[in-house]
Structure formats: C-alpha cells, structure tokens
Amino acid sequence: MTEMVTVYIDGQAYQVPKGINLVDAAKLHGTTIPVFCYHPKMNPVGMCRVCLVELGSLMVNRETGEPEIDENGDPKVRWFPKLQTACTQMVSEGMVVRTSTAQVAQARDDILEFILTSHPLDCPICDKGGECPLQNLTMAYGPGESRFLYDDKQHLDKHVPLGELIYLDRERCIQCARCTRFCTEVVGDDVLAFHERGRRLQIVTISDPPFDTKFSGNTTDICPVGALTTADFRFGARPWELDEVPSLCPHCPVGCNISASTRLDRDFGGKKMIKRIMPRQNEQVNEIWMCDKGRFGHHHSRSPLRIQHPLVRQGDEFVQVDWATAYEQVAANLKKHGKGVGFLAGPSLSNEDLWEMRRLARLTCDECELGLWPATMTGIQQVTEVGVGVGTRLQAMGPDSAILVIASDIEEEAPVWWLQVKQAADRGAQVIVANGRATKLDRDAKEVIHYEYGEAVAVLNSFAARARTRRKIDKSLVENRVDGYEAYADGLKGTRQPYNDAADKLLDAENLVIFAGNEGLTLEQHGELMQAAANLLIITGHVARPNNGLVGVWPGANFQGALDLGFSAEATVAMFEGAPAMWVIAGADPVGDDERSAGPIADAEFVVACTQFMTPTAKQADIVLPIQSFAEREGTFTNGMRRVQRFYMAQGPVGEALPTWKIFANTGARLGGDRPRIAAGLVMRDITQSVLRYADMHYTALAQVEDQFPQVGGLDLYYGGTAYSNYGGLGLQWATNAEKERYKLTVRPVNVESGRPDDGLLLVLVRLLYDRGTLFGQSDMMHQRIPAPYAELNAQDAEPLGIADGDSITISVGAWQADIMARVNGRAPAGVVLLPQGLGVPLPAAPAGCAAHKSEE
C-alpha cells in the first residue's frame, strides 16, 4: 500500500504519495508550478529554474513529535533562505510550499526574461504556435516586455538538419536538455549533445549516421518550444487548424495509441488528410512514446500508387469494373470451387475484417481453411492459457521482476516493448536475453545467452530442469490445476543445465514475463518454444497475475486478433501443400514475401486479391479489390498483450476503396448470408456474441477512458510537448485461462532437436523495423533508412569464400538463389548467414542449409 504524507501548498494541506515529485504533487491537486526542463518521464535536473518556489518544513518538537506553534497559533516553518527548484524536490511529511508570493513571481519574471533575450518573435509561423508551453508560460508569468537591446540578440542557424527526419531551429532552443536527456536516459542512444558554452550553447548530433535512433520523433513531442520539428510536418499546417482523431499504429504488435492530426487539404482534393501522426497517451500500452516507423509510416494511406477501383483480368491486362460486377464474379467462383477455396489473411486486417472473412469462408464451405500470413508463428493455445495477466505494465516492473526475451531482436520487431524492457532493466529488473546472435538489448541485460540456432527450446527446457533441481515448483498450482505434469517431469530428467546463472535470476524473481520470437526457428520449432515457455511459467507459478506470463512477438499489428478469431499459420502451410483451386487473399503479399508461394497461387484457377497496392500477389490475381487503409475506416486491433483497442476514421477515402469487412459482407450476401452490417461497430457486436473471450469488447467499452499520470496534453499543455491525452479509449485486455480458476492448465514434454544441418552454412531470416513492406515502403522520406537487400556473414566464413564487406554475392537454397550485397561486420555467428526479410526479395524457407559465393563480375 502506498504511504501517504501531508504537504502544505499555499496554505492548504494535502495528502499525497510519499516520495513523488513536488511539481507532480502540486499538479495532482490543481496547483500549477511552471516547468520547462522537467518532465515526469525523466529524472529532474533543475536547469531552467522557472519552477522556483519558497520551500520549508514544519518545525517539530523533538520531545513530543508534534509541530511547534507560534504566537498566532500557526505551525512554525523552517524556511530555506533562498528559493528552491520545485522539480528537484521529493515530497516528505510536513513539507511546506509557497508558489505564488511576490518573491516567486519576480523570480519567474526574471527567468522568462532571460530565456526570451534571444528567442525569435516568430510565433505566427512557428510549427509550435498554438500548442507551445513557452507561449503559455510567458503570457501567464512573463514580464510583458524586455529590457534587452535587439542588437544583443544571438543570431543562430534556423534550419539545421539533425538527420533526414528532424530539423533544429537553434534560435528557438532554450537549452532545457529534454531532447538530449530523452536520448541518453530514456532510450540509451547517445546521439545528441550540447556544444559550445554560455549563450552560444547549441544542440548537435554526435552519431553516424546523424541522429541515429529509432525514437527521434519523440524529441519533437517533448520539446517545450518550436526548436525541433519533423521533416514531414514542418511548415505544413498550423496546430489550430487541425482535428485530432484517435487511431492505432498499423505496423507492429505493440499497438501504440496514436493521434492523427488532420485537416481539409487541397493537396488531397479538399478531403481530410493526415498531416502528422502523434503519440496518444495510454500508460497500459505505449505510455507517451512511439517509434519513428509509426510516426512517419502513414504515407501509404494517400499514396498515388493506391488501387482505386475494382480490377478484373482480361488476358494480360486489368480492366476497371464496378463493385456489383466484382461481387458477382467473386461469388460465382466461390460457389463453383466450394471446398477448393483457400482464405489467407494478413496481420494488417482489423478484427472486423477477419470476422467477415471467416463468415464468408463458412458460407463457402465448412471445411475451408483460414490461413494467416506470414506463416511463421503459432501459439494461440499457450497464450490463451498463460499470456500475461490482465493489468500487466512493463513500466511497473523493477528489482523484484525478471524479463526473458528469447529468439527475438525485439528492438527491430517491437520497438516500444524494447524501450520498456530497457527501462525496466534501468530500474533493476533482471533482463535475460537469449538468441543465436547479439542484439541491442544485450547491453542492458543482466545475463546474455548466445545459443546455437535451433537450440532455443533446449534453453527453456534447461531453465525448467533447474527449477526442479532447486525445488522452485509451485506445488499448489501443479497439484490442483495442472494436467500432464508427471510425464513432463519425467521428460526433464537428465536435462543439461548449462545456464544456471540466468535460470536462477528468473526463478528467484517474484514476477516473470517471457517475450518469445521466432528467429532461427521453423513453424514447428516455434510451437515447441511457446509450449516450453508455457511449461516454465506454469510450473514456477508465474501465471494469473499482472506482470507475469507469455507474450508472442508477432509480425504485425493484428496477428493476435487473427489467432483469436481462428486463423492460423498451420492452416496456411496445409493450403500451400494442398494447392487450392481458388484463393481469397486479403492484406497479404505471399508471392512478394516467399518464393514457395508463387507456384500454388499461379497454378490456381481463380485468385482474388484484396489489397491497397498492386503487389506481386495482386499481379497474379484474376480480380483485384481495393481496400481502405487504417486511416480511412474504423475498427479494432488486438495487440500482442491481448488488448483490444479501437481506431477511428481519420482521412477521406481513396477512390472507390472499401473497408475489407464490407467487401466480404457484400460478397457473402450474394451467397445467401445475412444482410451486410452498416457499420464496423455492428460487426464487433457480432464478434462479442460469438467469441467468448471478446464478450465484453463492444465499442462503448473499448472507448472508455480514465485519468492517467502524467497528465500530458490537455488545454494547458502542462508538461510541454504534444503527446495527446486519450479521448478515444484505453481498450480492454481479455483474461487468460490461468486467471479463471475453473480451467486446467497443461504442460507437456517438448522436442528440443535443433534440426540444424551437420555442415555448411545455415540461412537464418531476421526481421528489420525499416523494410520495404507493402505499407511502410510507400513512405519515401524513410528510404534513407531502408537498406538495399543484403546478407550478413561472419568473417570466418567469408574469408575462405573470397567474400569481403560490400561484395555482390549469390546466396542459394536448393533451387532458390538471389544476388545481394554482403556485409561482413562481425554480427553474424560463425556458420550462419543472416538474411533480412522485407527488402523486396522473395525468400526461401528458413532456417535451412545454404551456399554462398561471390558473384561473377
């Protein structure tokens, strides 16, 4: 239970949590202490001095322990002789504060006058104008006029690129150090620093490439003035012209809450368009942060390459048709092929899209497969049993907690989770990283395990064996609620335990969260990894509580939702082996991603592609149906921690594109199905009535909000920056079976065989944050950060092959081969070739044995 103390602010007594910052304590009770450098997500530094207050403490009688009283009957106060910075004070019992005396007002007046001596008077053309804390505080506390001469003003550079994404106006900078502290303290990327001294103090980038961090855009949010601006919004609109629309990032499983700043714009035919993407506060998900992919990866929504009308193949060409014709052709072919139809969904589809696709599949035939792309990960049974407990917040994990990240380069796959895990490590959490290669999280981990690719399952099994050796088994849980333990325990006998230091850190922790990826694993091995993780969590009792459980590091925004609604990678594999006569593919590009997909799709009699762009899959289709982006419609995504969240329509539609759910519903009506629902909310109502775990997920419940700390945004812009308050909903997290006592949990032995070839090179596919995927590849401004196709080799393997860094090489797996650039940089383990996905090259099945040689000139 939080200990409370009494503090006295401007003569009024308040009960506040012991040890919180004085600025925050005052704000919680309606008293504003102005700040520039202070931000509640970072450590206080007291640099700007605008938060000066009179500070004292009650004088207490040492004998009685009671406050001493003066002749007027008031408690005596021992005051500091000088004003103190409020942001560097933590509240304690009997603290006394004055925030509005003449002495305090004069100090604030002086500080603001100094800050403004060289600050330009360009508010009408400043991107921050209208949402600027400096404007607000100057009007509230400033002197109203300056005594400094214009000739003494410092003239500095106005348009300084800190990288290709962020620009600095050095005249506007007030040296609060929020941006430099965010990079070094929050993210841990030493990429910005101060240069020069005194009035010539300036922000510079000290990394190569410049401003080399995946979170650079957040510095523009927390900047309390207009010194830092983004390349895609600079001089693009005035803040007071914009309407803020709650939305969700469509790129990764974190499910970051975002705010789409929109306005009617002539560049978009007079329709509403997104001018910028900002973080929207959700302390249960992304707090107030977001990565640069989410911030700058929205441009696909209005790309000129978007498909705008239904297209039907005639010979080698596509011709435009109306929607009625398109529906009739699709429905006729579904009737014709029946059981021979395969349905394949991508993770960018909303839950509503997936539900109507599922209904269409059932109208077509009861046995039609519901495939999920990419077909690389599984584990819905394990997540349903032991996913992280409802109320899990990584930012609440500290010295009593452990976090295991296995088979995942989590910074590339889910950046905000990486950020939160890194900060948990800063607070003392035991972070363990296990992978076949080094990743960025290694630097923050207490223990790092670099296993041979294919041995991830064996690592988890060794942890479980260690738990039995140390008697760290939750006997009550195992005896009362666990099936299969005897056979499982027998299977652990004789298991090697080579990682005991790491295992002990996990086993001794009160809380344990496991993030499981799929790097270097086949689909079958990934299923075994998820079961091994579930086994470990169950037998040690790290289930059914917040900050305990399993998280899949899925590839995409709604992979979890697709699993919840019955789609699976196993079904995809079965379809490709069975070669359906007809395909219905939505939000996925299997032909562009995987060389094995081209044949079964090309050989089909009829292919329907629901897509935003003319992808390689769409080029093989017989009919191409244009679907809306996340920005043009409303719906829900389920993030990797099972939180169902709403997004809203922010932007005008492109051409005749429709929500994907509506396309499937209209087609289903022609097969005798129900009349199409008129809104996505009604589709979600159907889901709540049919899917037990979604029973409470109606739109009204998902839109509920509550007060969050810190109170960013709002009309007063109190903490500065422009991360927006959440008015669109915090979402709801569905409960796991472990949290429901009537359910039994299951453990079983797992297959620990690596399946690795005995000799030769092993090809391992890795995921990159910045890729040339169907959606993100349309953001031209990010292309400098997207590499050309390459493969990483170890110098030990490259030298005998005559391969040097930068050479053009040929990689081959069976009949597949590709000519790409070699990187020989020490990142790849010996005997392994690392090949990034999503860079425009259809890739083979992996992990697999491969060959590499230098390409002929």
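Guide: A disulfide is here a pair of cysteine sulfur atoms within 2.5 Å. The model shown above is predicted.

Visitor: Which residue is joined to Cys365 by a disulfide?

Guide: A search of the whole structure finds 1 disulfide. Its sulfur atoms are 2.2 Å apart, and the cut-off is 2.5 Å. The partner of Cys365 is Cys368.

Visitor: What is the handedness of the link of Cys365 and Cys368?

Guide: Both Cys365 and Cys368 are buried. The angle about their S-S bond is 130°. With that angle, the link of Cys365 and Cys368 is right-handed.

Visitor: How far from Cys179 is the nearest cysteine sulfur?

Guide: A disulfide requires sulfur atoms within 2.5 Å. Cys179 is in no disulfide, and it is buried, with a relative accessible area of 10%. The nearest cysteine sulfur belongs to Cys173, at a distance of 6.3 Å.

Visitor: Is Cys252, which is in no disulfide, buried or exposed?

Guide: For Cys252, the nearest cysteine sulfur is that of Cys249, 5.8 Å away. The relative accessibility of Cys252 is 12%, and buried means under 20%. Cys252 therefore counts as buried.

Visitor: How are helices α12 and α15 oriented to each other?

Guide: Helix α12 covers residues 456-469 and helix α15 residues 500-507, and their axes come within 9 Å. These axes cross at roughly 65°, and the crossing is right-handed. Angles of 65 to 115 degrees count as roughly perpendicular. The two helices, α12 and α15, are therefore roughly perpendicular.

Visitor: How many residues of the contact of α12 with α15 are nonpolar?

Guide: From α12, the residues Phe463, Arg466 and Ala467 meet α15. On the side of α15 the contact includes Asn500, Asp504 and Leu507. By class, 1 residue of this contact is polar and 2 are charged, while the number of nonpolar residues is 6.

Visitor: What is the handedness of the crossing of α8 and α23?

Guide: The axes of helix α8 (residues 351-364) and helix α23 (residues 680-690) come within 9 Å and cross at roughly 65°. That angle makes α8 roughly perpendicular to α23. Among the residues that meet are Trp355 and Arg359 in α8, with Met684 and Ile687 in α23. The crossing of α8 and α23 is left-handed.

Visitor: What separation is found between the C-alpha atoms of Thr229 and Gly217?

Guide: Thr229 belongs to strand β11 (residues 228-230) and is buried, with a relative accessible area of 5%. Not counting residues up to four places away in sequence, Thr229 touches residues including Asp127, Tyr167 and Arg234. Gly217 is 12 residues from Thr229 along the chain, and their C-alpha atoms are separated by 8.4 Å.

Visitor: What is the relative accessible area of Arg642?

Guide: Arg642 is found in the loop between β28 (635-638) and β29 (643-647). Although Arg642 is not a glycine, its phi is positive, about 70°. Arg642 is buried, and its relative accessible area is 0%.

Technical notes. Residues are numbered from 1 along each chain as its sequence is written. This is a predicted model: local features need pLDDT of at least 70, side-chain atom pairs count only at pLDDT 80 or more; totals for chains, interfaces and linings use all residues. Side-chain values use heavy atoms; hydrogens and water are left out. Axes are lines fitted to C-alpha atoms, for helices over the stretch in contact, and angles run from 0 to 180 degrees between N-to-C directions. Helices (H or I, at least four residues) and strands (E, at least two) are DSSP runs, numbered from the N terminus. Angles under 35 degrees count as roughly parallel, over 145 as roughly antiparallel, 65 to 115 as roughly perpendicular and the rest as oblique. A crossing is left-handed if the near helix is turned anticlockwise from the far one by less than a right angle, and right-handed if clockwise. Contact means heavy atoms within 4.5 Å. Ala, Val, Leu, Ile, Met, Phe, Trp, Tyr, Cys and Pro count as nonpolar, Asp, Glu, Lys and Arg as charged, and the others, Gly among them, as polar. Buried means under 20% relative accessible area, exposed over 50%, partly exposed in between (1.4 Å probe, protein chains only).
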